[in-house]
Amino acid sequence: MFVIVGLGNPSREYKGTRHNAGFEVIDRISEKYNISVNIKKHRALIGKGMIQGKKVILAKPQTFMNLSGESVRSLVNFYQVDATRELVVVYDDVSLGTGQLRIRAKGSAGGHNGIKNIISQIGGQVFPRIKVGVGEKPPKMELADYVLGHFSKAEQQLMEEGYEMAVCAAETIMEGRIEAAMNEYNRKKKEE
C-alpha cells in the first residue's frame, strides 16, 4: 500500500495558491484514477483506491501547512506503511522554476515548514518526495506573502504541466523506480 500526501492549506482562500501545489497534484491523481478524496480522517481529507494494481491512500492534510506532520504520522501509523518506501509527499518549492520537479528519496526540510514538521513527527528524513517548483520569490517580498499568492496566467500554464509530470512521477515511484523518476524529472526544463 502507498500513502500519497499532497501538502497545502485548507479553506477556499488558499485554493490555487503556490503553497497548495501538493493539493493540486492530489486532485489530478484523484481525477485520473477516479478516487474521491472526501473522507475526513487522520486530520486530512483522504480517498482510497487502486493505482496500477496497488492500494493507495490519497491525502490532503487539513491541519494547515506547518502542522502537516501530525496528519502524516497518523496516516503512516494507522496504515502501517514503511515511510521510507511507501509514503510519497508532494509539495511546493520556491527554489525551483515554475512547474519544474525535483524528486528525492530523502533529505532535509530545506526551510519548508510542512516538511520540517513531517520529519519531526515521523522521526526521519527518509521518505520519497516530489517537489513542485513554484518559482523564486521576488526580492523584497515576504516569503509568506509569495507562497500564499496566486499564479499569473502564464505561470498557471507551466504549473499545469508540472502537475501532470508530478502525477507520472508518483506512478513511477509506486512502481519502485524512484531512481528512474529522479533521472526523468530532475532535469531542468529547456528554456522556451
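Strands here are DSSP runs of at least two residues, numbered from the N terminus. Two of them count as paired if DSSP finds at least two bridges between them. The model on screen is predicted.

Select residues 44-51, strand E3, and then residues 54-61, strand E4. The two pair in the antiparallel sense, over 8 bridges. Look for Met50: its bridge partner in E4 is Lys55. Now move to the turn. E3 and E4 form a hairpin with 2 residues between them. Gln52 sits in that turn, and its phi is positive, about 50°.

Zoom in on Lys40, which stands opposite Leu45 in E3. This pair of strands also makes a hairpin, with 2 residues between them. Select His42 in the turn: its phi is positive, about 60°.

Show the rest of the structure around E3. Of the 8 residues in this strand, 6 are buried, so E3 is largely enclosed by the rest of the structure.

**Stop four: Asn117.** Jump to helix H4, residues 113-122, and pick Asn117. Is this residue buried or exposed? Asn117 is buried, because its relative accessible area is 12% and the cut-off for buried is under 20%. Next, display its contacts, leaving aside neighbours within four places in sequence. Asn66, Leu67, Ser68, Gly69 and Glu70 are in contact with Asn117.

Technical notes: Residues are numbered from 1 along each chain as its sequence is written. This is a predicted model: local features need pLDDT of at least 70, side-chain atom pairs count only at pLDDT 80 or more; totals for chains, interfaces and linings use all residues. Side-chain values use heavy atoms; hydrogens and water are left out. Buried means under 20% relative accessible area, exposed over 50%, partly exposed in between (1.4 Å probe, protein chains only). Helices (H or I, at least four residues) and strands (E, at least two) are DSSP runs, numbered from the N terminus. Contact means heavy atoms within 4.5 Å.
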